[in-house]
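Please walk through the helix packing and the annotated spans of this model, chain by chain.

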Amino acid sequence: MAGTPTSRVRLPFQRASAERTAGGPSGQGPSPAQPEGGGPGGPAGGRRRPRVSGETVFYLIVGAVLTGYTVMAFGMEWQTTAGRVGPGLFPRIIGVLGVAACAICTVQSVLRRRPEGADERDAGEQTADSGDGAAAAGERDTAQAERPSGAEPAAAAGEPAAAGGGQAQRRHPWAVVALCAILAAFVTVLVPVGAVVTGSVALIAALLVCDRSHPVRSVVIGAIFPVALYAVFVYGLNAPLPAGILPLY
Amino acid sequence: MDIFANLVNGIIGVLSPTTLLFLCIGVLVGMFVGAIPGLGASAGLAILLPLTFGLDPTTAIVMLAAVYYGAMYGNTITAVLINTPGDSAGVATTLEGHPMAQKGRAGPALVIAAVASFAAGTIAVVLLTVTAPMMAGVAASFGPPELFLLVVIGLLTLIVLVGRNWLRGLVSVLIGFAIGTVGIDVGGGTQRYTFGSTELINGINFIPVAIGLFGLGEILWTLYRGGHLDGASPMRLDRRAGAFWPSRQEWRQARMPIARNTPLGFVLGVIPGAGATVASLIAYSVEKGLSKRPERFGKGAVEGLAAPESANNAAATGAMVPLLTLGIPGSASTAVLLGGFLMWGLQPGPLLMAEEPQFAWGLIASMYLGNVMLLLVSIFCIPMFAAVTRTPFRTLGPLVIILCAFGAFAVNGSVVEVGIMFACGVLGFFMRKHGMSPAATVIALVLGPIAEETLRQTLLLDGGTEVFLHRTPSLVLLGVMVLVLCAPLLGAPLKRGAARLAGRRRAAGAAAGAGAEPGGGPRDTGEPGGEPGGSDGSHGGSAGAAVGGSEDDRRNEGSGGG
């Protein structure tokens, strides 16, 4: 539906060239964008690297959460008075292992001012022609694919090539931040305002974040889709959604 | 014949109009989900799980399983036509499928892929029918120590063999475990990490976490990468433009790869942690290694298309074996299915097949029918599904987000779960960004409580931890565990040896080819693709580079495709 015909052949996930950058300030700018409150910044393809990489921050946050988890785990009994295993044992194992693993990851990410860090890998995404397609899925897939291919010498050679070939891979941290803000607002007002209204407003906002060139279409889709979905859930599946301010049942 | 009688009962059970209808819906939705670039089987299942509420468990699982293996078919369409697989399991398909499409053979490529998928899917279901009861029999003798070890082995496979970086995999798994410990303690009833919230007493529900990590996380990640700026991809599939049916020669070329890679895919699917993506890439490497003219690969070789397609479908079905017999999911998608089992009040594990024969056999029986439906649908409705990709991400993404949000709320009518879903979406985004594995987290979340319970039961048995050494099955499993841990160490020498072997074999000519593959696949889990791939450096060409290039930015999702 409503696919804008494009003159050039382009893969769905392939970055468009410079043509519409509606997604707000792209991450390519010199300032390292910080996409999430306190979250790891996306040094987004920028050639200038911030002192602390987003990866490090991410591991520090995960590590901090796991540390809190571990501290609480040690507050629980690991053995009951009857000599049985208590509730604290398993969380302790997880917590200690997790904190240790996070610490190593953090150290690695600090040490690795490296050619194959996360950002570089992002950047090196679109190199070989058919690599694009694989890359698109590669994001999700990963690892497994990697091992098999890792066996091939060609693949080994591919890595530096890909990393080096990453020209100006644009990132869109602000689009993600905007979407997160929409989601946060969605959760806050969902129950008092109701699923239909909240859903509509959130959907319109999200559509506008993704695509500013079709405001009318966004509003129309945003108005219709949540209503239809509400009907499917409430009447079709008998799963209640909050009616909120609208006189719905 | 017990199996036969059970199967017939299963088929009779499935042949009700309602179930058939939902099977049909599942097949179509699966194709649709698979064809959407960026949404794979696991994300699709997680998003659709809340929609199966009102259904009875058998109907629901029949539908969801159809979505699951249907997505494997749908995958192919975009992989071939626009070189963008809907899911990671389709990566290998792009390598030959897209070049075929570029040569004007898109129709034949899709037909061959569909037939390969069908043949592999059906053979794999037969294998499933035979092996599942056997496995369930073996598993019935398993006690808590064995189950605990199985869980650990499954996760180790995921971390050590599959992951790009085992440390990141470990963190991913531990996050899942940690989420799994929230709620009432299984043994004593103590509240853990609930912070006094009544919503958390029953633990963090699996469904919002899965929807967040797979569905929302994927969308945020695509958005971050600029997916919303891309237009729709023009798809060209015109029946008049070229031949739609494969030629006789193409059929002949496809036959052997299908026969070879179906069992290979099935075995890899059964191994927890491996899965469809690994299977398809190994299959591709195997075919390329066996080929007498490997230089054709990367330019539209039919074998290179049929092999991964048959392997990934066989693996998808193979992953059902541990799910049904052990209650241990081997991949992200089966983890979501397991979450469904729990939601419907079924107790997964060795007793599932004995206690819920109607459910288990109904599911197996439905897979025979589902594969037939998928074959018909994918041959006759391909243009329709090809149209899916004309919906650009910038429209589809927000719609899916709202669907996720409503679905997460509807599960328990709790807004906290929507919040959890969003939080997990953000977590999933950062995990993808930093190369961690959301799939491992979800699998660990499902397995965590099982692991804890079985560990505690084990420790209650006489002898404490020594009990692991006193029981034969657990000793065997310990051995497997050591093997899994050592696999990366053994990797390099094995690879070199295999490369030499394959090189000699190729030199020896065609005759040697036939015997090469059977041992190669299963043994190679640690070293997928090592054997034939290693010898292929010189022929790597664009195909090798393609895999290699994609490897760089590949984000861990363990068995994302499975």
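Helix 7 (residues 173-193) of chain A packs against helix 8 (residues 195-210) of chain A at an angle of about 170°, with their axes 9 Å apart; helices here are DSSP runs of H or I of at least four residues, numbered from the N terminus, and axes are lines fitted to C-alpha atoms over the stretch in contact, with angles from 0 to 180 degrees between N-to-C directions. Helix 7 of chain A is therefore roughly antiparallel to helix 8 of chain A, a term used for angles over 145 degrees. The contact residues divide into 14 nonpolar, 1 polar and no charged, where Ala, Val, Leu, Ile, Met, Phe, Trp, Tyr, Cys and Pro count as nonpolar, Asp, Glu, Lys and Arg as charged, and the others, Gly among them, as polar.

The model is predicted, and local features need pLDDT of at least 70, side-chain atom pairs pLDDT 80 or more, while totals for chains, interfaces and linings use all residues. Residues are numbered from 1 along each chain as its sequence is written, with chains lettered from A and ligands numbered from 1 in the order in which they are written.

An unreviewed UniProt entry lists "transmembrane region" for several spans of chain A, including residues 57-76 and 174-207, an annotation that may be inferred rather than shown by experiment. Residues 174-207 of chain A are 97% helix, with end C-alpha atoms 14 Å apart, whereas residues 57-76 of chain A are 90% helix, with end C-alpha atoms 29 Å apart.

Note on methods:
Helix = DSSP H or I, 4+ residues; strand = E, 2+ residues; numbered from the N terminus. Parallel < 35°, antiparallel > 145°, perpendicular 65-115°, else oblique.
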